[in-house]
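Dear colleague,

Please find below the sequence and structure that I am handing over to you. My findings follow directly after them.

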Amino acid sequence: MSFLFSSRSSKTFKPKKNIPEGSHQYELLKHAEATLGSGNLRQAVMLPEGEDLNEWIAVNTVDFFNQINMLYGTITEFCTEASCPVMSAGPRYEYHWADGTNIKKPIKCSAPKYIDYLMTWVQDQLDDETLFPSKIGVPFPKNFMSVAKTILKRLFRVYAHIYHQHFDSVMQLQEEAHLNTSFKHFIFFVQVS
């Protein structure tokens, strides 16, 4: 994975820790997986009756992060500083990075660098118990929806980059069905949420 080459870490990039078995979040994830298995993606994105919207969005945000992390990980040998000197999804869509904390003014950077910044930033958000509480009864912050929307908006950019710059590689790897299903699920989810 090329987003491993950040100066911040030389060890393997790790997706969000698994949701603890037996927890309510784990049950929501199992529900999502069961409805996904039905083949009906529109049904899979619907908030289960009686469930908390914030919990549902949190569980799905973690899941999409893990999916995109895995999908991008399969094409990192094709997404390099040389092949993708700018993070883009075509000539009309160029993305500059800013996290508001370490990098306040948006910077132009290569796609692998942008995605490294993005995945690290998302991981930090997901690991922040004040933003994504993992314990039952701990409330979500008032700005949770805004944070989740920003994460999902930025994760969309990775899909856009993969489709625009690397779809030939995805097809060579015979991963287009997985990418398309993941993206369709993602789009249905953000449209409903």
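The term applies if NZ of Lys or CZ of Arg is within 6 Å of the ring centre and within 35 degrees of the ring normal. Arg 154 is likewise placed over the face of Trp 121, at 4.5 Å from the centre of that ring.

The model is predicted, with local features needing pLDDT of at least 70 and side-chain atom pairs counting only at pLDDT 80 or more, whereas totals for chains, interfaces and linings use all residues. Residues are numbered from 1 along each chain as its sequence is written, and side-chain values use heavy atoms, with hydrogens and water left out.

Trp 121 also takes part in an aromatic pair with Trp 97, which is edge-to-face, at 6.1 Å centre to centre and with 70° between the planes. Rings of Phe, Tyr and Trp (its six-membered ring) pair if their centres lie within 6.5 Å; planes under 30 degrees apart count as stacked, over 60 as edge-to-face and the rest as tilted. This pair links distant parts of the chain, 24 residues apart: Trp 121 belongs to helix α4 (111–127), while Trp 97 sits in the loop between α3 (53–73) and α4. Both Trp 97 and Trp 121 are buried (under 20% relative accessible area, with a 1.4 Å probe and protein chains only).

In total, the structure holds 13 aromatic pairs. Ring pairs also join Phe 64, Phe 156, Tyr 159, Tyr 163, Phe 167, Phe 183, Phe 186 and Phe 189 into a cluster.

As to the overall architecture, the protein has six helices and zero strands (DSSP runs of H or I with at least four residues, and of E with at least two, respectively). Of its 193 residues, 47% are buried. Among contacts (heavy atoms within 4.5 Å) with a separation of 6 or more, 69% are between residues 24 or more positions apart. The accessible surface, from the Shrake-Rupley method with a 1.4 Å probe, comes to about 10400 Å², and 54% of it belongs to carbon and sulfur atoms.

Finally, there are zero disulfides, defined as pairs of cysteine sulfur atoms within 2.5 Å. For Cys 84, the nearest cysteine sulfur is that of Cys 79, 3.9 Å away. Cys 84 is buried, with a relative accessible area of 2%, and Cys 109 is buried at 9%.

With kind regards

Notes. Buried < 20%, exposed > 50% of the residue type's maximum accessible area, 1.4 Å probe, protein only.
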